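Please follow this explanation with the coordinates open beside the text.

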Amino acid sequence: MAKNVFKDFLNRKKHIIYNIEFWKTLGLLSKKNNYATEATFETKPCKLYRLEDAPSTSVTLNKEDALRMYTRMHTIRRLETSIGSLYKEKIVRGFCHLYSGQEAVAVGIKEAMRPHDAVITAYRAHGWTYLMGVEPLGVLAELCGRQSGCARGKGGSMHMYTDNFYGGNGIVGAQVPLGAGIALALKYKGTDGVCIALYGDGAANQGQVFEAYNMAKLWDLPCIFVCENNGYGMGTSAERASAEVNFYQRGMYVPGLWVDGMDVLAVKECFKYAINYAASGKGPLVIEAATYRYSGHSMSDPGTSYRTRDEIQEVRQTRDPITSFKEKIISTELVTADEIKKIDGEIRTTIDDATKKAKADKEIGLDELCADVYSINLEPKIRNIDPFTPLVHKRIGPAVNFK
Amino acid sequence: MATVKSLTLFGVANKATFARSFSTSKALSAKPMTVRDALNSAMDEEMERDERVFLMGEEVAQYDGAYKVSRGLWKKYGDKRVIDTPITEMGFAGIATGAAMAGLRPICEFMTFNFAMQAIDHIINSAAKTFYMSAGRVNVPIVFRGPNGAAAGVAAQHSQCYGAWYAHCPGLKVVSPYNSEDCKGLLKAAIRDPDPVVFLENEILYGVQYPMSDEALSKDFVLPIGKAKIEKPGKHITLVAHSKAVETSLEAAKELAGKGIECEVINLRSLRPLDIDTITKSVTKTNHLLSVEQGWPTCGIGAEILAQIMESEAFFHLDQPALRITGADVPMPYAKSLEIAAIPQPKDVVAAVKKLLKVK
């Protein structure tokens, strides 16, 4: 009852949602502490391609949701900051791509996911690994190449896995058909699970992406293709790399959605819609999440030769996914500034502790050089650098597809 | 060092008082079956046995297979388990690999392995490396299969052996069967194997009939991956080959037998793991080694075998340097006479054996 009144209001007077008195009249503020237990927010509408109905633009959150989403986004930010420092300390080696600026995409999608939905992403995988259930230590230690890493330090930045999370893939675009294959398996097994396959605006031009669209549509695979458009494929802006920059329309015969990827609530609502769509047997979708990356493409890229510092600053100041969400939940009194401060402190401690542990952790022993090449190894001796000291294969991991 | 060896060819021959019969003698009495039907029955039996096994590739369903290897399977198992794909190798190899990561047991058919070059990233980077990168978490139980090697009259783009390409890569198991028994037993093993297997068939052999023992006709017939088979025992020289080159070697061996030279012919069956023990044992006995393959020489299977023998004790048992017979180091020509000249023929093997054994 009150909800209808409220929705009506919302459509006409968006500003009202920030009006505390209004909430009080709806009885949604607890009398005890004067805080809202629930708040509704208006998001930028999705752009639609070959779709009739749109995801809702009004998102209702309770305090618990708000805190969880904030915590997740902020944890990813802290995690990436810490990883950046570890890289500068030369503890993290090789390739390292940070997700800072893009947190709302992953966190919003995760909010909409059900436990049996799967994810595969590209090389910017640290945040997703954490969201899918790996503790910060598992991510940090993996990056440090240490034994507590979720892949025992054998995968590194781009190769982390856990339940329903298939990586982390270092080959640009390869995760897209793999994701369609995971979706095929989910459908084949008779579940209503969907697979979310993420790639960047750079990868969007890979031929195999279009091959995957085609087969996913032919076979109605429950796959949601997500183009995280952060504006640049390495240093090449989307406009310089793509003849068509409306990535949500590039599936041609695959319906698409554009969503504001800097707004975690818009992403959440978009993916509630998308998961429902794909799970109900309607086939794939292509979703473009418009986002921004603050750091360079990788650690070797200062990220300033192909864009201006002003551009980055402007996004940070006006569209930062964490700051904007924080302002929303504080101004509606869902959460207090003190609570946020406390959470920030806890996250800092968690990440700092995990970082310390990761740094102090050991690398796996040399006996594991030859571990888990095969789930059933058939070679009694595996060739080493020289022919005199052959290696012996070991089995350690669970081999989830063994039986 | 292996510079002085007391055993000459004739010395060995004189000492040989025992004679072993061909290992195929038992099977000769058995029912003949084409390689094509053997592959078909392997897939059929494994699909019946395990609901997770499915076949995907170009023309595998309604067309009954470009080479009719999957004949009848679509009628029996339907759209869900026999899936026609568009002509997009990279895409469907990726989809098949993703399905394997998520717990299914795909058989990914390439119309020929020439086209798998479009998809090789998924075979190597997605299928072969994921288990190691995930520290033993995500094993990828998939079979990539299709015809490999020289076909007839199709020129350079459609005639190439990829055995060495895949055998190069840790994380893969690579099988290169010769006859019907090999094909059935090894394809069943490959489908059951929890790791990615590249299964290299030979188009020219598809229609050839080979005897199938009663055992091989059984639904429980599985051959071990990684074990070579001695097709023909002999004591004077070891011929080691895979796929159609086994036939070339057997034909050469037959001709040489008429001249008193007994070749031991090893059918590798598997290129990775390579059964170097069987080769070593044979070389220890024959003291001579010749590898025979249709693929190119550079970094080839023969090159690997010779290097491994050179690095091991087996080297000291060699009376002569080991040699390779390979495809000529050129792209495959179309013209018939040139094509024949580019692929090892029995006469080439015979000549090399005679040269090695210093007989005329």
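This is a predicted model: local features need pLDDT of at least 70, side-chain atom pairs count only at pLDDT 80 or more; totals for chains, interfaces and linings use all residues.

Helices (H or I, at least four residues) and strands (E, at least two) are DSSP runs, numbered from the N terminus.

On the α7(A) side the contact, meaning heavy atoms within 4.5 Å, involves Pro177(A), Leu178(A), Ala180(A), Gly181(A), Ile182(A), Leu184(A) and Ala185(A), which meet Gly91(B), Gly94(B), Ile95(B), Thr97(B), Gly98(B), Ala99(B) and Met101(B) of α4(B). By class, the residues of this contact of α7(A) with α4(B) are nine nonpolar, five polar and no charged, where Ala, Val, Leu, Ile, Met, Phe, Trp, Tyr, Cys and Pro count as nonpolar, Asp, Glu, Lys and Arg as charged, and the others, Gly among them, as polar.

Helix α4(B) also meets helix α8 of chain A, residues 207–218, where the axes come within 8 Å and cross at roughly 65°, which makes α8(A) roughly perpendicular to α4(B). This crossing of α8(A) and α4(B) is right-handed. Gln208(A), Glu211(A) and Met215(A) supply the α8(A) side, and Glu89(B), Met90(B), Gly91(B), Phe92(B) and Ile95(B) supply the α4(B) side; the contact of α8(A) with α4(B) has four nonpolar, two polar and two charged residues.

Within chain B, helix α10 (residues 244–257) and helix α14 (residues 346–357) have axes that come within 8 Å and cross at roughly 55°, and α10(B) and α14(B) are therefore oblique to each other. Their contact joins Thr248(B), Glu251(B), Ala252(B), Glu255(B) and Leu256(B) of α10(B) to Pro346(B), Val349(B), Val350(B), Val353(B) and Lys354(B) of α14(B), and the residues of this contact divide into six nonpolar, one polar and three charged.

Side chains of opposite charge can pair when their charged atoms come close. Arg68(A) and Asp65(A) form a salt bridge at 3.1 Å, N to O, the criterion being a side-chain nitrogen of Lys or Arg within 4 Å of a carboxyl oxygen of Asp or Glu. Both residues lie in helix α3 (residues 63–88) of chain A, three residues apart, about one turn of the helix, and over all chains the count comes to 39 salt bridges.

Two backbone features of chain B fall in loops. A cis peptide bond with omega of about -5° joins Arg272(B) and Pro273(B), and Pro273(B) lies between β12 (270–272) and α11 (276–286). Glu59(B), a residue other than glycine, has a positive phi near 65° and lies in the loop between β2 (53–57) and α3 (73–81) of chain B.

The UniProt record, an unreviewed entry, gives "domain: Dehydrogenase E1 component" for residues 72–363 of chain A; UniProt positions are given in the numbering used here, feature names are shortened, and annotations may be inferred rather than shown by experiment. That span of chain A is 46% helix and 11% strand, with its end C-alpha atoms 28 Å apart. For chain B, an unreviewed UniProt entry lists "domain: Transketolase-like pyrimidine-binding" over residues 33–208, a stretch that is 39% helix and 16% strand and whose end C-alpha atoms are 8 Å apart.

Residues are numbered from 1 along each chain as its sequence is written, while chains are lettered from A and ligands numbered from 1 in the order in which they are written. Local features need pLDDT of at least 70, side-chain atom pairs count only at pLDDT 80 or more, and totals for chains, interfaces and linings use all residues, while side-chain values use heavy atoms, with hydrogens and water left out.

Technical notes
Axes are lines fitted to C-alpha atoms, for helices over the stretch in contact, and angles run from 0 to 180 degrees between N-to-C directions. Angles under 35 degrees count as roughly parallel, over 145 as roughly antiparallel, 65 to 115 as roughly perpendicular and the rest as oblique. A crossing is left-handed if the near helix is turned anticlockwise from the far one by less than a right angle, and right-handed if clockwise.
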